[in-house]
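Hi,

Here is the model I said I would pass on. Have a look first, and my notes follow below.

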Amino acid sequence: MTRHAPDDEFAARWDELTRQLGELDTPAAARGAGSGPRDYVADDDYDTAFVPPEPGPGLTGISARARLGWFLLLTGIVGIVIAFVASAPPFIAALCALLAAGGLVALILSLPARRDPDDGPGAVV
């Protein structure tokens, strides 16, 4: 009694199953003819679907307190640099340092205390 290899048995069973199915009569559209990745055609209104939003107001939406804070901070920093480069008296450098510190305080105080989640774009942490 000879024993067949498992591959021979598998091949014989596969041939029997495919012989029972016979020829499949499927139309070309069902087989996917012409439906490859390079045959894809985009919709016509794909390019016009997205309309970008209008840009924001820019710097015009900054409060007066924030503008004053930025002005004082930048003026103080530039004044400190000029005072050290020009060898100005120490009280000028101290005055400029106070201006910069005042600007920093004004900027910190202009920050909102809390934020409404529906207030606008951006992440809420």
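One convention before the helix lengths: the expected span of a helix is 1.5 Å times one less than its number of residues. Helices here are DSSP runs of H or I with at least four residues, strands are E runs of at least two, and both are numbered from the N terminus.

Two housekeeping points. This is a predicted model, so local features need pLDDT of at least 70 and side-chain atom pairs count only at pLDDT 80 or more, while totals for chains, interfaces and linings use all residues. Residues are numbered from 1 along each chain as its sequence is written, and side-chain values use heavy atoms, with hydrogens and water left out.

On the overall fold, the chain has 4 helices and 0 strands, giving the pattern α-α-α-α along the sequence. Of its 125 residues, 10% are buried (under 20% relative accessible area; exposed is over 50%, partly exposed in between, with a 1.4 Å probe and protein chains only). The accessible surface (Shrake-Rupley, 1.4 Å probe; for residues, only the protein chains shown count as cover) is about 11,400 Å², and 64% of it belongs to carbon and sulfur atoms.

Now for α4. Its 20 residues (90-109) should span 28 Å, and the end C-alpha atoms are 29 Å apart, which agrees. The buried residues of α4 are A93, C96, A100, G103, A106 and L107. They cover an arc of only 145° around the axis, so they sit on the same side of α4 (the arc is taken from the directions from the helix axis to the C-beta atoms). These buried residues pack against α3 (64-85), whereas the face turned away from them carries the exposed P90, F91, L98, I108 and L109.

E16 pairs with R19, with the closest N and O atoms 2.7 Å apart. Both lie in α1, 3 residues apart, about one turn of the helix. E16 is partly exposed at 36% relative accessibility, and R19 is exposed at 56%.

Helix α1 also holds F10, which is exposed at 59% relative accessible area. F10, W14 and L17 form a nonpolar surface patch with about 380 Å² of accessible area together (patch residues have over 30% relative accessible area and no salt bridge; like charges are joined within 9 Å, nonpolar side chains, meaning Val, Leu, Ile, Met, Phe, Trp and Tyr, within 5 Å).

Cheers

Terms used
A salt bridge is a side-chain nitrogen of Lys or Arg within 4 Å of a carboxyl oxygen of Asp or Glu. Contact means heavy atoms within 4.5 Å.
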